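Here is a friendly briefing to read alongside the sequence and the 3D view. Have both open, and follow the topics in turn.

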Amino acid sequence: MFLPEQAWPDLADYVASESLAVIPLGSTEQHGPHLPEGTDYLIAEALARTATGRTGHLCTPPIPIGVSSHHRQFHGTMWVDPPVFRDYVENLSRNLTYHGIDRIVYVNAHGGNVAHLREVGRRLHDDETAFAIEWMWDESIPGLIEEVFETPGPHGGPKETAMIMHIAEELVHDDRLEEARDGGAVFDYDAERVHGATTFYDSIENSPNGVFGDQTDATPAVGERLFEAATDQLVALLEWLDGQPFDDLMPEPHLGSYPGGEG
């Protein structure tokens, strides 16, 4: 149920019986020489709309720009500062609660958004307004990703390449896959740490073209497998969350005394 396509009486009918909404989020940032800048939000929107099409839950328009300043050296990257992003998402979420939504899933496809979405969810949880959680597609199917790719890469690698091949193949520059691999890097967290400290901030500092992994491993067929498996996980999450009593999702009360001790 895609919110922009609905008339308000139909949305009134929805919130009369349902209280869950899905917000797809991503970024508009460089994804190497072979992928579109909208890779993350295209993936998030496709997953959110497919999953809500199966469950009947409400899906909002995507948020296409996120926390991406670490890609700013590359042409076209857009970003907002973290406080602005958090406040925007929180305000949007509270807007939904005004209309009767009390549980939200942030379908996220950009790593730079994760900590900030968790913070927004914590704020909504602490004041018992709503239960909002962040979900990231690749973290829902780690075993499959490990099975199909030797070097999946955290950004612009074969997993995102395969997903876009499945979702919008016409936007992938197939003739640049080797260029992306050879001009990028194989990501190694340990190699970028010095005496236990992470020493880089921007992607260009450890990848000349901003991407990681072996993009030549990507195919549309693999992308379809990833998409279907991640969609199944998202559907299961939505059905689980929809079935939880709201009170069970809210914070536990403060302990008045130590259990078994004196008050």
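Let's begin in a loop: Glu128 sits between helix 4 (114-126) and strand 4 (131-136). Please keep in mind throughout that this is a predicted model.

**Loop residues with positive phi**

- Glu128 is not a glycine, yet its phi is positive, at about 60°.
- With a relative accessibility of 45%, Glu128 counts as partly exposed, since that class lies between the 20% limit for buried and the 50% limit for exposed.
- His195 is another non-glycine residue with a positive phi, here near 50°.
- Look for His195 in the loop that joins strand 5 (193-194) to strand 6 (197-198).
- His195 is exposed, and its relative accessible area is 83%.

**The chain as a whole**

- The chain holds 10 helices and six strands.
- Its radius of gyration is 20 Å, close to the 18 Å that the globule rule gives for 263 residues, so the chain is as compact as a globular protein of that length.
- Among contacts in the chain with a separation of 6 or more, 78% are between residues 24 or more positions apart.

**Two buried loop positions**

- His34 belongs to the loop between strand 1 (20-25) and helix 2.
- The relative accessible area of His34 is 0%, and His34 is buried.
- Setting aside residues up to four places away in sequence, His34 touches Gly156, Thr161, Leu171, Val172, His173, Arg176, Leu177, Ala180, Val211 and Gln215.
- Gly66 lies in the loop between strand 2 (58-59) and helix 3 (82-98).
- Gly66 is buried, with a relative accessible area of 0%.
- In sequence, Gly66 and Met78 are 12 residues apart, and their C-alpha atoms are 7.8 Å apart in space.
- Met78 is also one of the contacts of Gly66, along with Gly26, Ser27, Trp79, Val80, Phe85 and Asn113, leaving aside neighbours within four places in sequence.

**Helix 2 with helix 7**

- Two packed helices are described by the angle between their axes and the distance between the axes.
- For helix 2 (residues 39-55) and helix 7 (residues 158-168), the axes come within 10 Å and cross at roughly 60°.
- Helix 2 and helix 7 are therefore oblique to each other, and their crossing is left-handed.
- On the helix 2 side, the contact involves Thr39, Asp40, Leu42, Ile43, Ala46 and Leu47, which meet Glu160, Met163, Ile164 and Ile167 of helix 7.
- Sorted by class, the contact of helix 2 with helix 7 has seven nonpolar, one polar and two charged residues.

**Helix 2 with helix 9**

- The axes of helix 2 and helix 9 (residues 220-242) come within 9 Å, crossing at roughly 55°.
- Helix 2 and helix 9 are therefore oblique to each other, and this crossing is right-handed.
- Helix 2 contributes Ala46, Leu47, Ala48, Thr50, Ala51, Thr52, Arg54 and Thr55 to the contact, while helix 9 contributes Phe227, Ala230, Thr231, Asp232, Leu234, Val235, Leu238 and Glu239.
- The class make-up of the contact of helix 2 with helix 9 is nine nonpolar, four polar and three charged residues.

**Helix 7 with helix 9**

- Helix 7 and helix 9 pack with their axes 7 Å apart, at an angle of about 95°.
- That angle makes helix 7 roughly perpendicular to helix 9, because angles of 65 to 115 degrees count as roughly perpendicular.
- From helix 7, Lys159, Ala162, Met163, Met165, His166 and Ile167 meet Pro220, Val222, Gly223, Glu224, Leu226 and Phe227 of helix 9.
- The residues in the contact of helix 7 with helix 9 divide into eight nonpolar, two polar and two charged.

Definitions and conventions. Residues numbered from 1 in each chain as written. Predicted model: local features only at pLDDT ≥ 70, side-chain atom pairs only at ≥ 80, totals over all residues. Heavy atoms only, no water. Axes fitted to C-alpha atoms, helices over the stretch in contact; angles between N-to-C directions. Helix = DSSP H or I, 4+ residues; strand = E, 2+ residues; numbered from the N terminus. Parallel < 35°, antiparallel > 145°, perpendicular 65-115°, else oblique. Left-handed = near helix turned anticlockwise from the far one by under 90°. Contact = heavy atoms within 4.5 Å. Nonpolar A, V, L, I, M, F, W, Y, C, P; charged D, E, K, R; others polar. Rg over C-alpha atoms; globule rule 2.2 N^0.38 Å. Buried < 20%, exposed > 50% of the residue type's maximum accessible area, 1.4 Å probe, protein only.
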